[in-house]
Amino acid sequence: MKLKFLSILFFSFLFVTANAQKDSVVADSAKTAKKEIVKTGYNFGPLPAVAFDADKGFQLGALLNIFDFGDGSTYPNPRQKWYFEASFFTKGSQLFVVSYDNKFLIPGVRWSSTVTLTNDKAMDFYGFNGYMSHYDYERVALGKDKSNKENYIYSPKYRINRLALIFKTDFTGNIWKNKLFWEAGYHLTYFKQGYKNRQALNFEKINKNKAEEKVYPETEPTIFDMYRQWGIISEDEAWGGLNSTLRFGLLFDTRDKEAAPSKGVWAEAHVTVAPKWLGTTHPHYRYSATFRHYVPIVKNDVLTFAYRLNYEGTFGNSAPYYVLPYITVMGSNYDRDGMGGYRTVRGLMRNRVQGLDMATYNVELRWRFINFTLWKQNIAFGLNVFSDGTMVTRNYDMSFKATKEQLGENYDKVKSEYDSYMAAGLSADRPHITVGGGLRFIMNQNFIVAFEYGMPVSKFSKDPLIQKQDGNGAFYINTGFLF
């Protein structure tokens, strides 16, 4: 079944793109000592969006890439590009993206804009500060056991409904030799957390077609509900808000190419300002720094060592909980959420790690083992092995804030439940580390289909406090390189 699925994806892509390309020329590169087709003009790549993400399920939809290479002088980097996507996931999520990136419309300035709508019917929410928030993997496993008629499905305990509408427009300009750049942009996000009537989830949909003994009882609070009751998440923040921000940053970029680099440095530092006067519901101020390095071990893109170091931090002692999962991105991409998952830490459960400050690394060895041309396309296949990791370096406040006035005669019972929950976790977070590998199909240095599997090292730990706290691993089919 997997081979059939991959074959359909691969040949559908080759057929559609091969028939969409304009005329091209063949160049002989002295550096690579091989012939490569230099793409010119507009290149269209409509495709069925068929993919798989262990966190979201199978993806079904459609996408369209449009690349403008002009006279070919900028190849493999396009002069401008468009991206459109409409996707639906079997676990209930929806994704709609319209993106545009232009390098010549404004002289000396790169302009990038994106509108994204994500509608997650059951987004992962495991709490804050990593291992400080206990994940009851045993109850989740028992709930999935169809032969077990005594344990209801437990995974909704760690889910929340979320809708996020994101608009961004960024500008990048040269400071020094087209290597050092300034960045500035405006980002507007509307977050709607939870379901109607102030529920974490649509329980009717969650329980649809479930056997009677597997139905998740509406009387059972989710982790989100418990955090609200304990006062960790205030009612003022719980249901989301408007996030209106200005971003400023510096960029240093010496990559040989953008989509599939094999040498150079790509480093950024940003400040995000979200004041009340700009319309933000819950004002906050954050910063981020990312360093990426690509080291050629064997030239001509054959073997590359690549790594990314990222730090996401908060000025002050608070930020709305719903902005914490995001890695800050400027330019042609958009913010990726979920510390855990394909775009952040592969093999770690999505959103497993959230805190005021977080440090993350990604290290991988990329081997492009074959290059050839087919139907006037530059085709390559690559393998990679990787290790990713993250941890909270400054905690989100998880102290008990509910009062006796709020809880009345239930105060002692609720406080006891909180104490038991906190005692089950660690007193501080530790590194969440994953390892894995994958295969990539690369066409014209820009369109990349990735198949990867990652697993958390904690799965094999003998320490009961971290064993299986990060999940059992995950398989992904997606596009592009992680970084």
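**Exercise 1.** Is proline 156 buried or exposed?

Solution. The structure is a predicted model, in which local features need pLDDT of at least 70, side-chain atom pairs count only at pLDDT 80 or more, and totals for chains, interfaces and linings use all residues. Residues are numbered from 1 along each chain as its sequence is written, and side-chain values use heavy atoms, with hydrogens and water left out.

Step 1: take the cut-offs; buried means under 20% relative accessible area, exposed over 50%, partly exposed in between (1.4 Å probe, protein chains only).
Step 2: proline 156 has a relative accessibility of 4%, so proline 156 counts as buried.

**Exercise 2.** Find the surroundings of proline 156.

Solution. Step 1: proline 156 sits in the loop between helix H2 (137-144) and strand S9 (159-176). Helices (H or I, at least four residues) and strands (E, at least two) are DSSP runs, numbered from the N terminus.
Step 1: neighbours within four places in sequence aside, proline 156 is in contact (heavy atoms within 4.5 Å) with Leu201, Ile206, Tyr216 and Thr222.
Step 2: tyrosine 216 is 60 residues from proline 156 in sequence, with a C-alpha to C-alpha distance of 7.3 Å.
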